[in-house]
Amino acid sequence: MHRDECTLPLTATERTILQRLTDARGHIVTYDALCQAVWGSGYYGYENSLNVHIRHLREKIEADPSKPVWLQTVRGIGYRLRKEASQ
Amino acid sequence: MKTVSRIIRRYISAAFGIVVAVLLVNAALLGGTVVYWGSRQNTYYPMSRYTSSFVRQADGSFDTEIPLSDTTFCWAMLLDADGSILWQENLPESLNHSYTVPEIASFTRWYLDDYPVMVYRNDFGLVVAGLPRGSITRFDFYMDNHLIDAFLSGTGPLLLLDAGIILFFCLLLGWKAAKPLRDIAQGIDRLAEGNAVCLKTAGSAGELAEKLNQASERLQAQAKMIERRDTARTNWIAGVSHDIRTPLSLIVGYAEQLEQDGHDAVIRQKAASIRIQSMKIKKLVEDLNLTSKLQYHAHPLRRETVNVGPWLRQCLAAFCDGLDENHSVEICISESADRAILKMDRELMTRALDNLLVNSARHNPDGCMITVRAEMDGNCFKLSVQDNGAGYPAAVLEVLRGAAETEHAPHILGLHLVHQIVDAHHGSVRFFNHEGGVSEIMLEAADSAPMRLPT
C-alpha cells in the first residue's frame, strides 16, 4: 500500500480486509462479511481479532488512528472505506 | 352432523311422548267419567239404601224413611213371597196387580212395561223400584271368570306391548325420516368445507337436496370466478410492474449520470431528486406487486436457514448506505439472538425489515434515531424497530389493527406488506407508539407452533 509516496507493508489479513473494503468502497461492509473474507465460514468468535486488524490498518492509513477519517466504523454493523481512499 | 341426530332423537322422543300422553289422557278421562257418573245419583240411586229404609208401622202397613222424591225412582212397590203388592208409591195403574214368579224373573232381568226396574230384597219382601222410561239400557251381558282373570293379568303385559309397539314405530319412522336428513347434513358439511355437493333428489327431502345441489353449483362457479379474477389481477399487476421497471431503470440511470457528470449544481440536485423519487416509485411498484402475490397466494415462501446476526447487519448496512446525516441507526442484538437461526424467506423478511426502517426515516424527514433490537424470548425471536420521531398517527394504527379501510384512510402499503410477510411466516407483528413509533415482529426460531404477541 502506498501513502504519501511511502510503501507500507500489509499483512495478508490486513490486505484481505482492505481489499474487501475497497471492493465495496463507499458502502458499509459488515463484520460478518469481513470475517468471512478473512477466516471463511467458521468465523464466529473472530470479531475481536477483526477489531485488532482494523486498528493496525488505521495506524497505517489514518493520520490520526484514534480519529479515523477513511476507515470509518459503523457501530454495531461494520466498517466503511470512504470512496476517495481507493486512490 | 350432530344437529341432525339431536333432531331425530327429539322427534322420536316427542312422538313417543305424545302417544303415551294421549293414551294416559284418554284413560284418565274415561276413568274420571266413570267415577263422575257413578257418583252422581241422578240416574241410579243406591237401591240398597232405599230398600233398607223400609219400616213396618204399628198398624202393619209399610213406609220408607227415604221419600221416593229423594231418589231417582219414579215409582216403587213391595211384593211379598206370592207376588202380591204389600206397599206401593206412585205405582202406575197398569202395574198395580200381583205378579207371578216368571213375571218377576223377567222384569228383574229386563224391563216392566218399558220401565227399567231395580229389584232388592229386604226383611219384608221384594222391593221393586222403577226408573224413568229410557233412562238406562240393560244388556244381556255376562263374562267368563277365566276371561276376567286373563284380562286382569294380561293388562300389564299388554300395556308394555303397546309401549313397545309405539316405540318401535316411532323409531322406524324416525329412522326413515333421518336417512335423507343425514344425506342433507353431510352435503351441508361438504359445502361448509368448500367441496362440491351432488345429492340424490328423490325422496321426502328431494326438494332440499335439489336446492343444496344448486347452492353448491353456484358456490363452485363463484369460487372459480374468484380464482380466475385473482389470477388475472395478480398477472396484471405483475405485468404492469415489469413494464414499469424498464422505463424507471432508464430514468434512474440518466438521473445518476446527470448527478455525477452534471456541471450545474442545480441540475445535479434536481437529478438527485429525480433519482431518489424514482427509487421510491420503484420500491412502491415492487411492494404493490409483492403484496398482490402474497394476498392471492401466488408467491410461495422460499424458506432457508438464516443466521440472524449476519442477516440483520447486512440489512442495516444496505439501509444505512443510503441514509442521510439527519438519521442514524443503532443496533442492539443480544448474544442469543445473534447466534439464532431462523427458517425464513430471506428476501421477503429483508423486504419487511427494510420497509420498517424506510417508514421510520420517511415519516421523520427532519431526522430521528432508529433503534433496532433483536433478542430471544424463549424459542421466539423478537425484533423491534423503534424511532424517536413523531410516531404512528392514530389513523394508521387503527388501520394496522384491523379497522376497515375507508376512502380517506392512510395508504400504508409498506406496513401492510410487513404484516403479510410476517403472517406468511406464521409470526406476529404489532405496531404501537412509545416515545416514537415501534413495530415488533415475533418469529419462531424453529419449525413449531407459531407464537403470538399479546394484543
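## Chatting about chains A and B

Author: Let's start inside chain B of this predicted model. In H9(B), the residues B:Leu348, B:Met349, B:Arg351, B:Ala352, B:Asn355, B:Leu356 and B:Asn359 meet B:Gly414, B:Leu415, B:Leu417, B:Val418 and B:Ile421 of H11(B).

Reader: Nice! How many nonpolar, polar and charged residues does that contact have?

Author: The contact of H9(B) with H11(B) has 8 nonpolar residues, along with 3 polar and 1 charged.

Reader: And at what angle do the axes of those two helices cross?

Author: At roughly 145°, and the axes come within 9 Å. Helix H9 covers residues 346-362 of chain B and helix H11 covers residues 413-424. As for handedness, H9(B) passes H11(B) in a left-handed crossing.

Reader: OK, what about H6(B) and H11(B), where do their axes come, and at what angle do they cross?

Author: Helix H6 of chain B spans residues 265-295, and its axis comes within 10 Å of that of H11(B), crossing at roughly 35°. The crossing of H6(B) and H11(B) is left-handed.

Reader: Which residues in H6(B) meet H11(B)?

Author: Among them are B:Leu284, B:Leu288 and B:Thr291, and on the side of H11(B) the partners include B:Leu417 and B:Gln420. By class, this contact of H6(B) with H11(B) divides into 7 nonpolar, 4 polar and 1 charged.

Reader: Changing topic! How many residues of each chain are in contact where B touches A?

Author: There are 12 residues from chain B in contact with 12 from chain A. The area buried between the two chains is about 1000 Å², and carbon and sulfur atoms give 52% of that. On the side of chain B, B:Arg313, B:Asp321 and B:Arg339 lose the most area to chain A, together 46% of what that side buries.

Reader: How many salt bridges does the rule find across that interface?

Author: The rule finds 2 across the interface of chain B and chain A. One of the salt bridges has the side chains of B:Arg313 and A:Asp32 meeting at 2.7 Å, N to O. Helix H7 of chain B, residues 308-321, gives the most to the side of chain B that touches chain A, with 8 residues.

Reader: What does A:Arg80 meet in a salt bridge?

Author: The side chain of A:Arg80 meets that of B:Asp321, at 4.0 Å, N to O. A:Arg80 lies in strand S5 of chain A and B:Asp321 in helix H7 of chain B, so this pair joins two chains.

Reader: And how many salt bridges over all chains?

Author: A search of the whole structure finds 13.

Terms used
Residues numbered from 1 in each chain as written. Chains lettered and ligands numbered in written order. Predicted model: local features only at pLDDT ≥ 70, side-chain atom pairs only at ≥ 80, totals over all residues. Heavy atoms only, no water. Contact = heavy atoms within 4.5 Å. Buried area = accessible area lost by both parts, 1.4 Å probe. Helix = DSSP H or I, 4+ residues; strand = E, 2+ residues; numbered from the N terminus. Axes fitted to C-alpha atoms, helices over the stretch in contact; angles between N-to-C directions. Left-handed = near helix turned anticlockwise from the far one by under 90°. Nonpolar A, V, L, I, M, F, W, Y, C, P; charged D, E, K, R; others polar.
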